[in-house]
Amino acid sequence: MKKFLAGLLLSVLVLALAACGADKKEDAGSTTGDKDKADENVTLTVGASNTPHAVILEKAKPILAEQGIDLKIETYQDYVLPNQDLESGDLNANYFQHIPYLDLQIKDNGYDFVNAGGVHIEPIGIYSKKYKSLEELPEGATILLSNSVSDHGRMLSLLEAKNLIKLKDGIDKTAAEIKDIAENPKNFKFDANTAPEMLVQMFENEEGDAVLINSNYAIDNGLNPTEDAISLEDKESPYVNIIAVRAGDETKPEIKKFLEVLTSKEIQDFILEEWKGSVVPVK
């Protein structure tokens, strides 16, 4: 009798365990189904400067949503953290820098990043509260530049293009420094001690005689480069603002779709209408 009862209890226990196993399988199947549905949308977290980068991304956001990409935008006030956060994996991509800056960051920090594609150009402007034209800049005028070395080649090339200085022959002008100035007819003094985000404040405070300011900072602080600058970088500038990603991610379908939308006619037309030439699409 004892053996019979023990056998009966064992049979009941086996059946109960089998039923639990079946329930777990059913639950796992349901979870997988839900997960498949959730995976239909891909989330992209992109770091960007406030203006114009984040504004452009906000315009692209609903278009990307229609293509299954949920765009999350993280805004930054500086040029250092977006690359650090991309390396750490907090971001899938960033959109704030031009190619020479990216190249310098890779060289200095060992980042394994690549340029996934260009979106727009922001012409640098020369601003002055004291003078209305470059011709009015006096002998010995003080010119304020960014303390970001990667900006120097671009800024000095602009000054050379405007016939204010001449750089040494044979140098890589994208990497030019103040020491590479060969001719300085008006004996300008160059002050490169200001962080790029503070240059607008220096201009407003009437520091120096002229200030070279990146358009994203100018626009972000209420300046209109096409109206407020006494001279503006040519639209053919090679300093294209790009999407940077970790090496290998540039081939991911969501990154390719992301670039397709950002370079689409709809976004290009928006850029031209919104900034009237202060920001120029690359295509």
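Guide: Contact here means heavy atoms within 4.5 Å. The model under discussion is predicted.

Visitor: With which residues is threonine 263 in contact, leaving aside its neighbours within four places in sequence?

Guide: By that criterion, threonine 263 is in contact with Gly118, Gln268 and Lys283. Threonine 263 is placed in the loop between helix 9 (253-262) and helix 10 (265-275).

Visitor: Why is threonine 263 called buried?

Guide: The relative accessible area of threonine 263 is 15%. Buried means under 20%, so threonine 263 is classed as buried.

Visitor: What makes strand 3 largely enclosed by the rest of the structure?

Guide: Six of the six residues of strand 3 are buried, and therefore the strand is largely enclosed.

Visitor: Which residues touch the most other members of the largest nonpolar core?

Guide: Among the 28 residues of that core, they are Val46, Leu57, Leu71, Ile243, Phe258 and Leu262. Helix 2 gives the most to this core, with six residues.

Visitor: What does phenylalanine 258 touch, not counting residues up to four places away in sequence?

Guide: Phenylalanine 258 touches Leu44, Val46, Leu57, Leu64, Ile69, Leu71 and Ile243. Another core, of 22 residues, lies apart from the largest one and includes Ile124, Ile143, Ile165 and Ala192.

Technical notes
Residues numbered from 1 in each chain as written. Predicted model: local features only at pLDDT ≥ 70, side-chain atom pairs only at ≥ 80, totals over all residues. Heavy atoms only, no water. Helix = DSSP H or I, 4+ residues; strand = E, 2+ residues; numbered from the N terminus. Buried < 20%, exposed > 50% of the residue type's maximum accessible area, 1.4 Å probe, protein only. Core = buried A, V, L, I, M, F, W, Y, C linked by side-chain atoms within 4.5 Å.
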